[in-house]
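Student: I should like to learn how to read the features of a protein model. May we go through one together?

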Amino acid sequence: MSDRKPIYLDYSATTPVDPRVAQKMIPFLTEDYGNPASRSHPYGWTAEKAVENAREEVAKLVNADPREIVWTSGATESNNLAIKGAAHFYAEGKGKHIITAATEHKAVLDTVRELEREGYEATYLQPEADGLIAIEKFKAAIRPDTVLASIMLVNNEIGVIQDIEALGNVCRANNVIFHVDAAQATGKVVIDLEKLPVDLMSFSAHKTYGPKGVGALYVRRKPRIRIEAQMHGGGHERGMRSGTLATHQIAGMGEAFRIAREEMASENERIRMLRDRLLHGLLDIEETYVNGDLDHRVPHNLNVSFNFVEGESLIMAIKGIAVSSGSACTSASLEPSYVLRALGRSDELAHSSIRFSIGRFTTEADVDYTIDLLKSKIDKLRELSPLWEMFKDGIDLSKVEWAEH
Amino acid sequence: MNTVYFDHNSTTALKPQVLQAMLPWLSQTAGNATSRHIYGRNVRDAVEAARKQIAECVGVQASQVVFTSGGTEANNFAVKGITANLTPTQILVSAIEHPCVSRPAQSLAWHDWQVQSIKTNAQGVIDLADAEEKLNTRTGLVSVMLANNETGAIQPIAELAALTRYKGALLHTDAVQAFGKLAVNFETLGVHAMTISSHKIGGPVGIGALILDKRLDIAPLLHGGGQERGLRSGTENVAGIVGFAEACKLAAQTLKTRSSAQTTLRDELEIGLHDLNAVIFGQQAQRLPNTSFFAIPNIEGETLVTALDKAGYAVASGSACSSDSTEPSHVLLAMGVESDLARSAVRVSLGESSTESEVQGFLKALQQEVKRLKGLNAVAA
């Protein structure tokens, strides 16, 4: 075995920092270290200018007004701020019911759970088998006291793209605040907030080749959306989020979003070719199932279940590539992915799933290596599996009566 | 012209060694600390090594360190998180707290908390007798900073801890300005929670920590992936965390020599300030060695700061966080300073790189600007 590091196919967990982004950040770590809130000297001014340039870049990627962008420490904070902030602000006038999906990121689900502890009620919509939320079911979930709905644009595990425009229109018609977690979407799908009926949208830098520890929240100005701050202090970010701004981090996020805007079209084309190559290679393997809709999906993601292979053993067997089973945030647990279970996948198939996520630095050779590796390892693992043997003998496993021990 | 930077309490330059420690984590090395592959494990190892280093610097175990996005978040987390698990009673904060302590404390009034303020004396040190009088068995949480960001006045936290312990109240201290400038030991202070921040000690902006007593029951501020043992969700800012740890290590190594060098420079500065008839705030208090907060009567602080900036010296008028506003410093008002004099306040905060010739140059520039501005005042009058 060589000392070579495994091939990185876990871009949905986090992306490497683009070297151009790092270059943009370093000056703010060395010579230009002022506090952007220091108005009285040029150290502060340089920092403030960098922060405002970055705010423009983030706004441009999603066609928003820079004044609609609030810096945070990441998408988790953005989601917490949006959901708690809007729910607290509008509950009195509207009510205490929240709609979200069972397949949301933990940062949304746990925040909604926290609001439930505070006395709010929540509806967790189950997606269809393809991972998409049915508009009719969404509409039916809305109540007179529904204050907020939160649905992600791109799912972190299966990459499916929700119809945010349709969902947003339902919210508009019912006077419901609409929050969208777009952490996995920036640089992968076109986002036009001038057109989309979205009130609040969360962004992360480190999923789009920027640094970890910085993100943003879009807060619509027209019609104006209000949120209750979750962090109080110096009154930074027009009172919505206090705390000294991390200029280098923000400059990095701005640069990452600029690159995303300029290179997204060509990059996505290249990534789609790689993904299709990977998809066809893997589908050559018998009893392989793609999780989630393939048409409404970002090209970066491929989530596949390999029947008759135990997921943990598979992960151990494919050390030559770095992938994830379940989303990174929960992969410390051995529970099968709650997202796949919400899609109606059996525990067995959910357990044997692998998320391949492709990105800027993935090559065709990486993909070919991955296909070969999976083919050979799955063959070996299945050779050891009595279930596979029974399946090959034509036994319908669902009809087998297992003896109790 | 190179500007001389005398605003280190606002933020201070990143140390070159800190940048070196951070760079590998800002390069193409990917990895999410929660992923189980080698990339993720490398990140996890780096985060845990950093946590251990920071824990050692403040005399606790690694498990007592919870990383946050900075001092503001850590203070909000402390005030809101500790009170969330208590029956609403009374919260006591000093009159000189940073807004990121006093504002979350005030917000508790909406949740049936009785918010009270501990007075300070004319030197900017909290009045322990007042604290004792206000403390009662219904006091849930007390929060007082370890050193004030404007005056540099060091607060008697260990003494306060003895009082709060007697009444069964929990104690939080915001040690953002003190950490790295004083030897700070969590156990010796006897507090239940303590806030520290990276960018005030030569580390990167955007990272801080809340140090917790092992038995403390605290609710998270941010919910999600369950990082930081469920107390602070969100993907770990590994470059920031590694940089913070390196800065802690360096600050501990240089603490003694830096402290005595800065005391000498600050005293020299203040001799010069006396000659200009400046009023020095909190001079009789035990102060951070690098901080001097003063006023030249009848000259607006803002005006003087702008003039000094043109002359090549970056100083602050109030705390940077509120330097948008023209309100006089709440710290000075709490000390009983007249608001006219408070409006004249200027803060010099020295750093590790500050030199005697910079201080002398500053005094010369100050003298000239004061003379010029007084001349303008005379014309106007």
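Tutor: Let us begin with one pair of residues: in strand β8(A), A:L217 is the bridge partner of A:V70. The model is predicted, so local features need pLDDT of at least 70 and side-chain atom pairs count only at pLDDT 80 or more, while totals for chains, interfaces and linings use all residues. Residues are numbered from 1 along each chain as its sequence is written, and chains are lettered from A and ligands numbered from 1 in the order in which they are written.

Student: Which strands pair with β8(A), and in which sense?

Tutor: Strands of a sheet pair through backbone hydrogen bonds, either parallel or antiparallel. Strands here are DSSP runs of E with at least two residues, helices are runs of H or I with at least four, and both are numbered from the N terminus; two strands pair if DSSP finds at least two bridges between them. Strand β2 (residues 69–72) of chain A is antiparallel to β8(A), with four bridges. Strand β7 (residues 200–204) of chain A is also antiparallel to β8(A), over five bridges, and there A:S204 has A:G215 as its bridge partner.

Student: Is β8(A) buried or exposed?

Tutor: A residue is buried if 20 or more other C-beta atoms, placed from the backbone, lie within 10 Å of its own, exposed if 12 or fewer, and partly exposed in between. Five of the five residues of β8(A), residues 215–219, are buried, so the strand is largely enclosed by the rest of the structure. A:G215, A:L217 and A:V219 lie on one side, and A:A216 and A:Y218 on the other.

Student: What is the case for A:L384?

Tutor: A:L384 is exposed, because it has 11 other C-beta atoms within 10 Å. This residue belongs to the loop between α11 (364–383) and α12 (386–392) of chain A.

Student: Which strands stand at the edges of the open sheet in chain B?

Tutor: The open sheet has three strands in the order β9-β10-β12, paired antiparallel. Its edges are β9 (279–280) and β12 (345–349) of chain B; each has a single partner strand, so one side of each is left without a neighbour in the sheet. Strand β10 (residues 291–295) of chain B pairs with β12(B) over five bridges, and B:T291 stands opposite B:S349.

Student: Which residues have the most contacts inside the largest nonpolar core?

Tutor: A nonpolar core is a set of buried Ala, Val, Leu, Ile, Met, Phe, Trp, Tyr and Cys residues joined through C-beta atoms within 7 Å. The largest has 240 residues, and those with the most contacts inside it include A:A86, A:Y218 and B:V242. Helix α8(B) gives the most to this core, with 13 residues.

Student: How confident is the predictor, and where is the pLDDT below 50?

Tutor: The pLDDT is the predictor's confidence in each residue, from 0 to 100. Chain A has a mean pLDDT of 92, with 95% of its residues at 70 or more. Over residues 327–331 of chain A, however, the pLDDT is below 50. Where pLDDT is low, the predicted coordinates should not be read in detail. Chain B averages 94, and the predictor gives the complex an ipTM of 0.90 and a pTM of 0.93.

Note on methods: Contact = placed C-beta atoms within 7 Å.
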